[in-house]
Amino acid sequence: MLEIGLTGGIGSGKSTAASGFVRRGAFLIDADQIVRDLQQPGEKVFEEMLSQWGTEILTPDGQLDRQLVANIVFSNPDELTVLNGIVHPAVRDEMTRRREVHLDTDNTVILDIPLLVESGYRNFDAIIVVDVDTEIAVERLVKYRSFDEDDARNRIQKQATRESRTEIANYVIENNDSLEVFEEEIDKCWEWVESIERPEVGRELPPLISKE
Ligand code: ATP
């Protein structure tokens, strides 16, 4: 397995890049998707969140209302710490489980991890960062994700800085132009991925860690 960490700020284009890599033959482990899976009713993370905040974080049909949770934790750092303590270890365990499937293969596996910088884990074969100008990210979050502009700026401001991401990157994809140009950049990046020397199949990998 060739293991690649993929990260970038909110709205930078990580998911678009990840889909591009999958179309070109990569296998994807998506941290955000894992969070959504673990927050389904009946899952351990869902139950722990319910114990913490009660039914006020649910929609009328009993699903987790992610916006209500965001409202609680983004206005209170202590609540965010509690949430992270519930979610991060569970996500790490599930990522580890999904990664094990590929250990004895020669697959290229992309781990899309929004909080890669914050996690402190660096033992990937390579780290790809999608970087975008802050103003363009805000514009896209407002236009395509129906974010309120202040909320978008607030979320960006609370994340790791662009510099802290690009300084751990082995490859930076810029996403300040059209989607067509971005696809061309994804192509170039994939060519680079394919040029990386393949690690030995079945090697031992260090455990993934999470910031708890
Ligand atoms: P999040 O952090 O919220 O998960 P992300 O980093 O995964 O976001 P995407 O979902 O890939 O980012 O992109 C955010 C939005 O911007 C999407 O609606 C996507 O279609 C759009 N987008 C991405 N790149 C471009 C581009 N170059 N031109 C126009 N729109 C773009």
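# Close-up views

**Ser 146 counts as exposed, with a relative accessibility of 67%.** Here exposed means over 50% relative accessible area, buried means under 20%, and partly exposed covers the range in between (1.4 Å probe, protein chains only). The residue belongs to the loop between α7 (134-145) and α8 (149-158). Helices (H or I, at least four residues) and strands (E, at least two) are DSSP runs numbered from the N terminus. Ser 146 is not a glycine, yet its phi is positive, near 55°. The model is predicted: local features need pLDDT of at least 70, side-chain atom pairs count only at pLDDT 80 or more, and totals for chains, interfaces and linings use all residues. Residues are numbered from 1 along each chain as its sequence is written, and side-chain values use heavy atoms, with hydrogens and water left out.

**Phe 21 and Trp 190 form a tilted aromatic pair.** Rings of Phe, Tyr and Trp (its six-membered ring) pair if their centres lie within 6.5 Å; planes under 30 degrees apart count as stacked, over 60 as edge-to-face, and the rest as tilted. In this pair the centres are 5.9 Å apart and the planes make an angle of 35°. Because Phe 21 sits in helix α1 (residues 14-23) and Trp 190 in helix α10 (residues 179-195), the pair ties together parts that are 169 residues apart in sequence. Phe 21 is buried, at 0% relative accessible area, and Trp 190 is buried as well, at 8%.

**The rings of Tyr 121 and Phe 124 make an edge-to-face pair.** Their centres are 5.0 Å apart, and the pair is edge-to-face because the planes stand at 80°. Tyr 121 has a relative accessible area of 4% and is therefore buried; Phe 124 is buried at 10%. How many aromatic pairs does a search of the whole structure find? It returns 3.

**Asp 131 is a buried residue, with a relative accessible area of 8%.** Its place is in strand β4 (residues 126-131). Which residues does Asp 131 contact, leaving aside neighbours within four places in sequence? They are Arg 162, Thr 166, Val 172, Ile 173, Glu 174, Asn 175 and Asn 176. A contact means heavy atoms within 4.5 Å.

**Gly 85 is partly exposed, at 36% relative accessibility.** This glycine lies in helix α5 (residues 77-100). Its C-alpha atom is separated by 18 Å from that of Pro 207, a residue 122 positions away along the chain.

**The protein chain around these views has 10 helices and 5 strands.** Its radius of gyration is 18 Å, close to the 17 Å that the globule rule gives for 212 residues, so the chain is as compact as a globular protein of that length. The radius is taken over C-alpha atoms, and the rule is 2.2 Å times the number of residues to the power 0.38. The C-alpha trace spans about 50 × 40 × 30 Å along its principal axes. Of the 212 residues, 43% count as buried. Among contacts between residues at least 6 apart in sequence, 75% join residues at least 24 apart. The chain carries 23 positive and 43 negative side chains, with the centres of the two sets 1 Å apart. Lys and Arg count as positive and Asp and Glu as negative, without His and the chain ends; each charge is placed at NZ of Lys, CZ of Arg, CG of Asp or CD of Glu.
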